[in-house]
Amino acid sequence: MRTPRGKLLLVLAVVLAVAGTGWGVGALLRSPADEAAARKPPKPSLVTAAVERRKLVSTVVVSGTLEYGSPYPVWLAGVVGGSETAQRATRAPRRGTLAEGAVLMEVNGRPVFVFSGKVPMHRSIVPGAKGADVKQLQKALRRLGYRASATGVFDRETIAAVSRFYAKRGYEAQQPTVELRQKRDDLRRTVRTAEEVLATERAALDQGKDVLPLKVKLANARQDLKEAEKALKSARAQDHTSEDEARAEAAESAVRAAEERLLAAQQELAQAAATPTPAPTYDPGPNPGPTAGPPADTRLLELRVANARADLAAARSALERVLEEAGIARDTRLTELKKNVRMAREAVVTAEQVLRQARQLSPVKLKVANAQRDLDAARALLAEFSMTYGTTVSPGEVVFLPKLPARLHKATVKAGELVDKSVATVTSSTFVVSGSVDVAEAERLKTGLNASIETEAGTTARGTVTALGGRDAKGAVPVTIVPASMKGLKKLAGAPVTVRVTIGATDREVLVVPAAAVVTAADGKARVQVEIAPDRTKDVEVRTGLSADGAVEVTGDLKPGDQVVVNSA
């Protein structure tokens, strides 16, 4: 039996439960008006961004691939070795660095060397060959320490240098093949046969006509010409004949005798004039004694001196006449000897012409002429072949690359395969980034701009734009960037990278706002809206500068932290 107090508590609990249930149901149920009010959009507010002070850098982003630069396909210019047989690789190219003089590969057991040069190999370099390719080979040999003058001619010195170069690397320079040796022997036999035929035909011609007297006459005329030329040569070598020399010596002796007589007479006259003979007289005056007599009579001595001078003049005149007559006689003799030589030559020409005419009257003259032409042609062919016979450099045994050292990136021929295509691809030993940008971005780029290369692994390297190409098949512009250093990049060949090319930057920190916050008014001036209170703004005139990554440099009545309106909601 419950007490009154318990009944009261029970009633209160029931009342509270009913009240709570009613409140909960009322909270869940809304009128249509309340529901419509709840679905209204919030009150519009301004979208703003803070004004910042920082350095602004404008970049163009290039997506590319890190790879070795300057790919260059390598072809062989011709056969390796002297044979035209099938060219089969016996040692394939191997990846790695190619230095000057290195062996790229082997074909039919023969080496293929690489040298630095811009002129491609295009022919066999044979003895006597001339050209820029020969000079290029000579310079390469000189760089490797082999003596070879850069004359541009494949001469004996260059051939010796090539032979030493091959031997140093365990090979033998290309010698004439069996076919070439056989051809040379055939040409020699052809010459000998032509000589025999010509001799036979000439003998037949001589036997067919009595030309022996004419041949003897020609031989005598030639002998006379030799003797005449010998006499003329001897006469030119002598100034005077023995008779002229004897006469000249006699005349010179007479001049010397006359000079001696003149000198003796002059000495006697001088002595007589210096010592006069005193006379034996005495002076009776206060100082008695002998006195000097009259001077000596020197007229005879003076006459002797005059005669001696005349004799000397006559002797000298006689000597001059003898020498003059000897010169005239020599000139006359030379003129006569020259005339004899001319006459002897005319006699030889006449005898040759007569003999030739006599031979031409023979019916076998055509055979002799043909035999002579055949011999001349055979000798010319042998001489031409001999000029290029010897050690050669086959066109396929040398590959000139524009720049060495180079890196052999990929071999395109395997051992045992026929060499009928590109054998390898070489690159430079430095990395480049190859990418492309659209035309609009390319107009902002130029060579020499600095760039930042970012790899997927987070590595960053500095670089420089080195080349901008034309449009590719997709309408993009190829861009080449060269890293400043390969440090940390060597294992990333072929990896994709992102390059940021700096096309402009501010010198210091500047005020920066979002580009969307700048509005150009009808008067052409740029303005931004600055929030001065909730939902209240004011226009601030600004001047714009560098823009990058959606931001723009501004100057005006702004300060860092100001909120500028980006757009209105």
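Strand E15 (residues 450-455) has a covered face, made up of Ala451, Ile453 and Thr455, and an uncovered face with Asn450, Ser452 and Glu454. Strands and helices here are DSSP runs numbered from the N terminus, a strand (E) having at least two residues and a helix (H or I) at least four. The model is a predicted one, in which local features need pLDDT of at least 70 and side-chain atom pairs count only at pLDDT 80 or more, while totals for chains, interfaces and linings use all residues. Residues are numbered from 1 along each chain as its sequence is written, and side-chain values use heavy atoms, with hydrogens and water left out.

E15 pairs with two strands, where pairing requires that DSSP finds at least two bridges between the strands. With strand E16 (residues 460-468) the pairing is antiparallel and has five bridges, and Asn450 stands opposite Thr464 in E16. The two strands form a hairpin with four residues between them, and Gly458 in the turn has a positive phi of about 95°. With strand E18 (residues 496-505) the pairing is also antiparallel, over five bridges; here Ala451 stands opposite Val501.

A search of the whole structure finds eight aromatic pairs. Rings of Phe, Tyr and Trp (its six-membered ring) count as a pair if their centres lie within 6.5 Å; planes under 30 degrees apart are stacked, those over 60 edge-to-face and the rest tilted. The rings of Phe115 and Phe165 have centres 5.5 Å apart and planes at 50°, so this pair is tilted. Phe115 belongs to strand E8 (residues 110-116) and Phe165 to helix H4 (residues 156-168), so the pair ties together parts 50 residues apart in sequence. Phe115 also forms a tilted pair with Phe400, at 6.3 Å centre to centre and 40° between the planes. Because Phe400 lies in strand E11 and Phe115 in E8, this pair ties together parts that are 285 residues apart in sequence. Phe115 has a relative accessible area of 1% and Phe400 one of 6%; both are buried (under 20% relative accessible area with a 1.4 Å probe, protein chains only; exposed is over 50% and partly exposed in between). Ring pairs link Phe113, Phe115, Tyr146, Phe165, Tyr166, Tyr171 and Phe400 into a cluster.

Ser394 is placed in the loop between helix H9 (365-387) and strand E11 (398-401). This serine is buried, with a relative accessible area of 2%. Its C-alpha atom is separated by 5.9 Å from that of Val80, 314 residues away along the chain. Beyond neighbours within four places in sequence, Ser394 is in contact (heavy atoms within 4.5 Å) with Val79, Gly81, Gly82, Met121, Ser124 and Gln174. A polar atom of the Ser394 side chain lies 2.9 Å from the backbone oxygen of Gly81.

Conventions
Polar contact = N/O pair within 3.5 Å; in protein donor to acceptor, adjacent residues only side chain to side chain.
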